[in-house]
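Subject: The two-chain model, with notes

Hi,

Here is the structure I promised to pass on to you. Please open it alongside this email, and my notes on what turned up follow below.

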Amino acid sequence: MKTRQRQHEPVIGLEVHVELNTESKMFCSNSTQYFGQTPNIHTCPVCLGFPGALPYTNKKAIEYCIKIGLALGCEIAEETVFERKNYFYSDLPKGYQISQYRWPLCRGGRMVVKNKVGEEREIRVNRVHMEEDTAKLVHQFGISNSKGATLIDFNRSGVPLVEIVTEPDFRDLAEIRDYAKKLQQVMRYLGVSNADMEKGDMRLEANVSVRQVQSSKFKVQNELPKYRIELKNINSFRFMVAAVQYEIERQIEALEKGEKLVQETRGWDENNRRTYVQRVKEEATDYRYFPEPDIPPIEIDKDIETELRRQMPELPWEKTERLIQEYSLSSSQARVLSETQEFADYFEEAVKVVNSLSLSLSLSLSPVRIANVLINKKFDREQVLPARFVEMIREEEDRPGVSSEELEGAVHSVIAENTKAVADYRKGKEASLQFLLGQVMAKTRGQSNPVAIREALLRNLR
Amino acid sequence: MEELTKLTLVETLEGLEDKKFSTEELCVAYTQRIGELDSKLNAFLTVNEECGGIPVAVKDIIVTKGIKTTAGSKILETFIPPYNATVIERLFDKGVGVIGKTNCDEFAMGSSGENSAYGCTRNPWDLERVPGGSSSGSAAAVAANLCVFALGTDTGGSVRQPASLCGVVGFKPTYGLVSRYGLIAYGSSLDCVGSITKSVEDAATVLEWISGPDGKDSNCSQQFKLDRTKLKSGVKGLIVGIPGEYFSQGLDKKVKEVIKTSIRKLEALGCKTVEVELAHTKYAIATYYIIATSEASANLSRYDGIRFGGARDLFGQEVKRRIMLGTFSLSVGYYDDYYAKAARVRTLIKQDFEKVFERCDVIVGPVSPTTAWKLGEKLNDPLSMYLSDIYTVTANLAGLPGLSVPCGFADNLPVGLQILGPRFSEEKILRVGYVCEQVGGRKLRPDVQSYSTSGVE
């Protein structure tokens, strides 16, 4: 594997569909809530594709799409056009999907991701465009002799969907994972999507191919392979990652055997844990895109763009950077805290509380300390106000607690008694530290300070 | 009671206002007349006994809640829409009721009415002849006084041409003045709801009722305000453009004579006429049939038999032909040479008009190169059928308003004069139409009553 990877490298591009959390659908006024709903209750002539119905554009969705584009550093089109993407499928009521092709809303962005060795790499975003979701097919299998049936739930039909397409810039799975995670974070920061992958709010498709790594002497490294395998209709992120990994290995193996790979679409067979061919190139669909005559071209006024830019929140990576600068946090602390806006806000709120205390009281409560406790202590932030949280830290400090000898003794015996957890921790399993911490806490009858325990543990585990 | 059905919309409104008769009496009178005559004409596909308002006949391609709407197709034979088109709602607000749904070429694809899956409508002036299309039933119904007025749709002339062939007023407004919501789409960028009426003033009234911004149609943003004094203020000083291209080969001699006479009358009333050039007219038919069919190929994809209607083999020949044409025009390898090129020519046609309207207020010419032709005459020659739209498709391609006004007869068959104007120049067009109607003299109606029961078929 090691040597192989040196000769071949994967070339991967991602297409991510993000369902927006607007109140109403993309082209009609029905609710977008379809998850767990009675089928076909949020429907109307428009999203059922009835004769005579016309789409009317949801302005909010357009704004959300622009915000996503801005977050990814895209250029926003001055004029954007919807087009019809023609194909027949039972979940597509009009026989075409209103999408964008030649004139997308946003173009040319980027996202910085970490690769498997922790280096930062830039992924180019080709485009971010707006479209509508299809209905949902529900397959019912027949009982005994009766035939199965496929039912169609149109609640999802017409829910606004943003498609984010990258250039084929991914080189390993760590980058894909980081990209997906960051994208999800961005959506939540912007408040434009719940981005819940399990609920289908965020769906990934990957184009995977591999190429020979050229020696640096001949710098033609950017030539793309002549084929690509599209991984589609894989409904879980975990399966997608497995499928990409499988494909990389399958393709390298094939190339090494001297086989020629061709363009095809593949799916994931979870039972046998392998990909399988769904469609080969010869059958590739011609979508016959043409401008949607029912929706006039949309002009994006510079003022609108400026206003949306003004509304942009601090983005996750900006927040991380600021937390490091402003509070001297470690980059890992800052990253954990900026995972959600709410977490970072809580932290900053707590620091504010500390700053309002008298100097003698706040002295021992540095932002780094607050961050540490906040990250390590499990409690329901919704139930405990930041002020109360700060109070709790102080109470713990004031507690009689246990002597350092007693604590040291407890730590030693816990390490001796839990060899497996210790080994796990040393292998990199962070959760094991939490477990050990709990054990020490129990041994000291809950009298010791978690921060002190952690410090003692770390010292002894080094 | 027969007298009631002769009244124009304006006269009917006055009569109702003065309590000379009631809406119920109107409905009864029209329903009776439909019962007596429609077996000859086949103008109606559905008659609504519970009309409940001023009786309008609606082309069966405009959806009506609870009333079967077939688009003239077998594929929608059982389709009962769950909603009303915006224009229907607006008419309801004015006390209008749907007396029936009228026959039309399947999905509005046709120029003779013969492409209806429910049999052809007959021309009330001569039952052996076509009424024109695709709003065939609406035009025939108005001509035969089977309704006070009718709604049609015009994608390439489908309101103006049958109006011309049936001797009634047909008005296609500017694209974007009347909502298309609820109009079963054929060529979405060309489709327009229009009126077929007994008078020009009626056309103005209907337009005022049905026009105006609709949140459900993103292309619909303007309102028409009717000013009756302006409508009747005459045409003195107006500059009328006469495009040479509309009088060249293919135009029937007798039709040409009638049109020329009308133009002389306009001059006598104080209009100044100028020769104008619409250089790209010769490409209009090709352009129209590429754009309309391309859009149709997508619009008709929804008829998959899953949510409503039947299977796709129920489409008629002409519909299948146009779906194929459009699908090819949009396909990889053809798109640039067909759809994209047609879209560019469309821009040139628009520019032709823009240039011309710098020099004149309106353009006047024939609606159709011939009067109503015999049933079956062009059925096996789709190309000659397509060519009959030559003078009307340009207005759709450019999104312009166009009015067809009866202006005389050739061989006892009605001839319509077409008046075209810049976008949103409805008022001017109606003004010209109004004087044409006045000097046209006798407002003739076909003598439908004289049809002998054995005369047809």
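Let me begin with B:Asn396, which counts as buried because its relative accessible area is 0%, under the 20% cut-off. Please keep in mind throughout that this is a predicted model. B:Asn396 sits in helix H14 of chain B, which covers residues 393-398. Leaving aside residues up to four places away in sequence, B:Asn396 touches B:Asp154, B:Thr155, B:Gly156, B:Gly157, B:Arg160, B:Lys172, B:Ser189, B:Leu190 and B:Arg346.

A second residue to look at in chain B is B:Ala85. Is B:Ala85 buried or exposed? It is buried, because a relative accessible area of 0% is under the 20% limit. You will find B:Ala85 in the loop that runs between strand S2 (54-59) and helix H4 (86-93) of chain B. Not counting residues up to four places away in sequence, B:Ala85 touches B:Ile62, B:Val63, B:Tyr181 and B:Gly182. The C-alpha atom of B:Ala85 is also 6.5 Å from that of B:Leu183, a residue 98 places away along the chain.

Now to where the two chains meet

Chain B brings 36 residues to the contact, and chain A brings 32. On the chain B side, B:Ser218, B:Arg302 and B:Arg307 lose the most area to chain A, together 22% of what that side buries. For the two chains, the buried area comes to about 2700 Å², with 59% of it from carbon and sulfur atoms.

How many salt bridges does the rule find across the interface of chain B and chain A? There is one. The side chains of B:Arg180 and A:Asp294 meet in a salt bridge, with 2.9 Å from N to O. Polar contacts between chain B and chain A come to 16 residue pairs, counting pairs with both residues at pLDDT 80 or more. As for secondary structure, the elements of chain B that give two or more residues to the side touching chain A are helix H10 (284-299) and helix H11 (317-330). The largest share of that side comes from H10(B), with four residues. Sorted by class, the chain B side has 17 nonpolar, 11 polar and eight charged residues.

B:Arg307 deserves a visit of its own. This residue lies in the loop between H10 and H11 of chain B. B:Arg307 counts as buried because its relative accessibility is 18%, and the cut-off is 20%. Its side chain reaches the backbone oxygen of A:Leu48 at 2.4 Å. A polar atom of the B:Arg307 side chain also lies 2.8 Å from the backbone oxygen of A:Pro93. With residues up to four places away in sequence left out, B:Arg307 touches A:Leu48, A:Gly49, A:Pro93, A:Phe154 and B:Arg302.

Finally, the domains of chain A

I looked at how domain 2 and domain 3 of chain A meet. Six residues of domain 2 are in contact with five residues of domain 3. Between them, these two domains of chain A bury about 480 Å², and carbon and sulfur atoms account for 49% of it. Which three residues supply 70% of the area that domain 2 of chain A buries against domain 3? They are A:Arg369, A:Asn376 and A:Glu396, which supply more than any other three residues.

Between domain 2 and domain 3 of chain A there are zero salt bridges. One residue pair is in polar contact there, with both residues at pLDDT 80 or more. The elements giving two or more residues to the domain 2 side of this contact are helix H10 (367-376) and helix H11 (386-398) of chain A. H10(A) gives the most, with three residues. By class, the domain 2 side that touches domain 3 of chain A has one nonpolar, one polar and four charged residues.

Notes: Residues numbered from 1 in each chain as written. Chains lettered and ligands numbered in written order. Heavy atoms only, no water. Contact = heavy atoms within 4.5 Å. Buried area = accessible area lost by both parts, 1.4 Å probe. Salt bridge = Lys/Arg side-chain N within 4 Å of Asp/Glu carboxyl O. Polar contact = N/O pair within 3.5 Å; in protein donor to acceptor, adjacent residues only side chain to side chain. Nonpolar A, V, L, I, M, F, W, Y, C, P; charged D, E, K, R; others polar. Buried < 20%, exposed > 50% of the residue type's maximum accessible area, 1.4 Å probe, protein only.
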